[in-house]
Each structure stands twice: as C-alpha cells, then as structure tokens.
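Let's take a walk over the surface of a protein and then look at some of its rings. Have the structure open as you read.

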Amino acid sequence: ELSVTQINCGDTFNIRLSLTAEPDITSNPTDIVLILDRSGSMTGSALTNLKEGAKAFVDIITTATGGTIDGEILGGSQIGVVSFADIGVQDTQLITSSTDLKIAIDALIAGGSTNHEDAFTKALDLFNPASTDSKIMIMFTDGFTTAGGSAEAITELAKSQGITIYVIGLSGNGGVDIPALESWASPPASSYVSITPDDAELAELFEGIAENIVNAGATDIIVTDKVFDCFTITG
C-alpha cells in the first residue's frame, strides 16, 4: 500500500507490506500442556473458575480441529494437563480425548505450597523432542514461588526448544511475582502474559489464548521485497 497516488522524481512516500494468515491448526498439529496451580490459596471460587476456564480452553481447541465437545481432538493436535502445589503432577499425558482431559481438570483439589520449577519440569517432560508439532505451554498461577527453586532455567530451556509459553496470573489471592511471570513467558510479555485480580475473568483469559492458538497462521516470517536502484530507502 502506498501513501501517495502519484510518484515524482525526488518524492518521499511510505510503503506498507501486509500479510494475511488463515487458521490452520487442522493442518499444523499442536501439542499443548496446561500447567494449573492447585496450591492452598486456590481454595474456593478461584479453583472453580480455573476449572471452567481450562475446560472451555479444551472445548475451543477440540472444535477448532473438527472434533465435537466431549469427543476427540482431531488433526494430530493433543493436550496434556500438569497440576502443581508442593510438586508438579502429570495428571494426563498428551492425549486427544476432551472427556478425559476435563475429568482430570475437574479432579483437581487445592492444597499445599507453590512449586513453579517442578511444574514446568513435569510439563516439559510431556513433550516429545523428536516431534515436529508446534509446542505450547500455558502456565496459570495465583501466587509467588513458595517451594522448589527458580523456574527461570527450565523455562529458558523450554523456549530454546521452540516451545511457546503463555502465563496467566491471578493477583487477587495475595499477589503474583510479575517480573518472574514475564521472564517465564515468551517475548514480548505484552502478548504472552495476562494478569487479573478477579478469578471470574479466568474463563475469558483461557478462551482468549485458545482463540489465539487456533487462529495463528504462521510464525517467524521473513518478507523480502526488491527495491529498484532508482529508489532509496530512507527509513
């Protein structure tokens, strides 16, 4: 797109190159691990709303691949569930049954400390390094790390392996370590970190990430445009 309708010698004008992408999760399988905080501070409405958000996420991914709610995720995509308190637990492997995923989510019980490092470690172990599928982690937490060590090393390892990390923080249960969350997430933090003080908004945040995943057309795009010698790039 040009900023002018006529170009004379010596004129300066702007050019904009645009790309349009279409949803393609059905042709580009994606492995996703939900990492869900079930520490003691999650007791009550926070855990209830977390479950609803995580199950809504599963439904969006399932239907986007051509599956039906409470059916199978199609197209080769899979979802796994890791929950954590004192330690991380692999509640499921990477599977395609939306029913089994939602059963695992509904079974979560709050109690214990908050070990982010082990949660990310258990999530990373679910991925097959040899797989060419896109790989995504979605971490939800409502508090500071109170068990285990720093999660920064394991998240850097995950990102170095091509894994995209989203982070959702619930700040209303005593606060979250925002700098830590931003360091765990894929850059930029403005695109991959969501923080809310209200657990009633968790379903909306999970749904928003799901919609973003199913609508992502491509990544790491390079556009090369030939500029003829009679033009000079000024900015």
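A surface patch here is made of residues with over 30% relative accessible area and no salt bridge, where like charges are joined within 9 Å and nonpolar side chains (Val, Leu, Ile, Met, Phe, Trp, Tyr) within 5 Å. A salt bridge is a side-chain nitrogen of Lys or Arg within 4 Å of a carboxyl oxygen of Asp or Glu, and accessible areas come from the Shrake-Rupley method with a 1.4 Å probe. Keep in mind that this is a predicted model, where local features need pLDDT of at least 70 and side-chain atom pairs count only at pLDDT 80 or more. Residues are numbered from 1 along each chain.

One nonpolar patch has about 1,100 Å² of accessible area together, and its members include Leu-2, Val-4, Ile-221 and Phe-231. Val-4 sits in the segment before β1 (30-37). There's a negative patch too, formed by Asp-198, Glu-201, Glu-204, Glu-207 and Glu-211. Of these, Glu-207 lies in helix α7 (residues 202-215).

Now for the rings. The structure holds 4 aromatic pairs (ring centres within 6.5 Å; planes under 30 degrees apart are stacked, over 60 edge-to-face, the rest tilted).

| Pair | Centre to centre | Angle between planes |
|---|---|---|
| Phe-13 and Phe-231 | 6.1 Å | 85° |
| Phe-120 and Trp-184 | 5.5 Å | 70° |

Phe-13 and Phe-231 are 218 residues apart in the chain. Phe-120 in helix α3 and Trp-184 in helix α5 are 64 residues apart.

Is Phe-120 buried or exposed? Phe-120 counts as buried because its relative accessibility is 1%, and buried means under 20%, exposed over 50%, partly exposed in between. Trp-184 is buried as well, at 3%, while Phe-231 is partly exposed at 40%.

Note on methods: Heavy atoms only, no water. Lys, Arg positive; Asp, Glu negative; His and termini not counted. Charge placed at Lys NZ, Arg CZ, Asp CG, Glu CD. Helix = DSSP H or I, 4+ residues; strand = E, 2+ residues; numbered from the N terminus. Phe/Tyr/Trp six-rings, centres within 6.5 Å; stacked < 30°, edge-to-face > 60°. Buried < 20%, exposed > 50% of the residue type's maximum accessible area, 1.4 Å probe, protein only.
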